[in-house]
Amino acid sequence: MLNLDRLRTLNAVARHGSVSAAADGLHVTTSAVSQQLAKLERETGQQLLAKQGRGVRLTDAGRLLAEHASRILSQVELAQADLEAQRGQAVGELVLGAFPTAARGLAPVALAGLRASQPQLRVRLEEMDPDLSLPRVVRGDMDVAVVLEWHNHPLPIDEALTRAPVLDDPADVAVPAGHPLAARDAVDLEDLAEEEWISWPRGQFCHDWLMSTLRSKGIEPRISHMADEHHTQLALVAAGLGVVVAPRLGRGPVPEGVRIVPVRHTMFRHVYAVWRADADRRPSIRAAVGALRAAGEAVSHA
């Protein structure tokens with residue numbers, strides 16, 4: 001009997017092209033991927049991987065089994081979706097991932113709506129950035145993820161996933177109250193060329209976006225501080241330690257000592273709900289996506 005988790009691992013290696021990339025995609029260690037593949041080789045009695053330079057490649061048997069694995073995993077997902085669709089009700093448990101500001105500014109409205117409209121559906125929220133939630137949706141550990149991309153910086157989406165727009169989230173610039181630009185009705189990013197910036201941590205999607213966006217304006221960013229949470233970023237601004245991009249979703253009350261200034265050439269984030277295409281027929285998926293979109297509409301007009 002072939003183990004589904006091991007087939008999922010082999011499928012990830014085939015899709016991503018290497019053990020390390022598969023480990024990143026599955027959010028596990030390379031050692032865990034190697035162990036799963038070694039067990040699969042023992043179960044099948046076939047060599048599935050062969051060394052190639054410093055990496056590995058799939059053998060003929062490995063490619064053959066990976067093709068079957070892709071179809072098997074898709075069929076398992078379709079079977080689960082069909083069983084749920086046959087009941088015609090959103091029941092059981094659904095795991096929802098959302099990046100921090102969406103978890104704060106969007107998810108509570110959506111979850112309250114789901115609780116009222118789908119009393120038999122148990123939804124578990126996990127706050128998580130897209131680089132962690134998307135691999136979990138791909139491998140089936142998470143049902144729906146709320147993710148973001150900036151208007152000028154697309155987020156790569158795996159071909160196994162589908163998505164629906166939830167809302168567009170405008171972003172402003174937050175400056176200290178005593179800043180020369182604090183009283184402006186709007187600013188251009190070029191007006192902030194000499195400023196010290198407060199950024200998301202290095203390696204995060206939003207940090208990469210900020211760096212590339214400022215550089216596209218001819219600005220070499222001076223990053224003085226990095227913080228994950230928007231509230232921490234705004235506290236640093238209030239202390240006069242720099243300026244920051246401040247999306248509106250989940251922003252909450254602005255601290256004393258901070259002024260929010262719109263950007264003349266509007267910056268915004270596209271917020272999406274993402275799920276496995278194979279699960280499209282599940283009533284719980286449809287209900288969750290519908291609730292997220294309704295919440296997005298309500299938040300946008302609040």
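Predicted model: local features only at pLDDT ≥ 70, side-chain atom pairs only at ≥ 80, totals over all residues.
By class, eight nonpolar, four polar and six charged residues make up the lining of the second largest pocket.

Stop 1: Select Asp-129, Pro-130, Gln-204, Phe-205 and Cys-206, which lie nearest the centre of the second largest pocket among its 18 lining residues. The space here is about 280 Å³. Now colour helix H5 (100-105), H7 and helix H8 (205-216); each supplies at least two residues of this lining. Which of the elements gives the most to the lining of the second largest pocket? H8 does, with three residues.

**Stop 2: the largest pocket.** The largest pocket holds about 530 Å³ of space. To centre the view on the largest pocket, select Arg-8, Leu-73, Glu-77, Val-138 and Arg-276, the closest to its centre of the 27 residues that line it. Then show helix H1 (4-16), helix H4 (60-87) and helix H7 (130-138), the elements that give two or more residues to this lining. Colouring the lining of the largest pocket by class gives 12 nonpolar, five polar and 10 charged residues.

**Stop 3: helix H2.** Select residues 19-26, which form helix H2, and pick out Val-19, Ala-22, Ala-23, Gly-25 and Leu-26, which are buried. Why do they lie on the same side of H2? They cover an arc of only 165 degrees around the axis, and this puts them on the same side of H2. In general, an α-helix has 3.6 residues a turn, so residues three or four places apart point the same way.

Next, show what covers the buried residues of H2: the cover includes H1, helix H3 (30-44), strand E1 (49-52), strand E2 (55-58) and H7. Just after H2, stop at His-27, which takes a positive phi of about 60 degrees.

**Stop 4: the cavity.** How many cavities of 30 Å³ or more are there? The count comes to one. The largest cavity has a volume of about 40 Å³. To find the largest cavity, select His-230, Gln-233, Leu-234, Val-244, Val-245, Ala-246, Pro-247 and Arg-251, which line it. Helix H9 (230-238) and strand E9 (244-247) each supply at least two residues of this lining, and the largest share, four residues, comes from E9. By class, the lining of the largest cavity has five nonpolar, two polar and one charged residues.

Key:
Residues numbered from 1 in each chain as written. Heavy atoms only, no water. 1 Å grid on protein atoms, 1.4 Å probe; cavity = no way out; pocket = protein on both sides within 12 Å on 5 of 7 lines; lining within 4 Å. Points joined across faces, edges and corners; volume = space filled by probe spheres on them. Nonpolar A, V, L, I, M, F, W, Y, C, P; charged D, E, K, R; others polar. Buried < 20%, exposed > 50% of the residue type's maximum accessible area, 1.4 Å probe, protein only. Arc of directions from axis to C-beta. Contact = heavy atoms within 4.5 Å.
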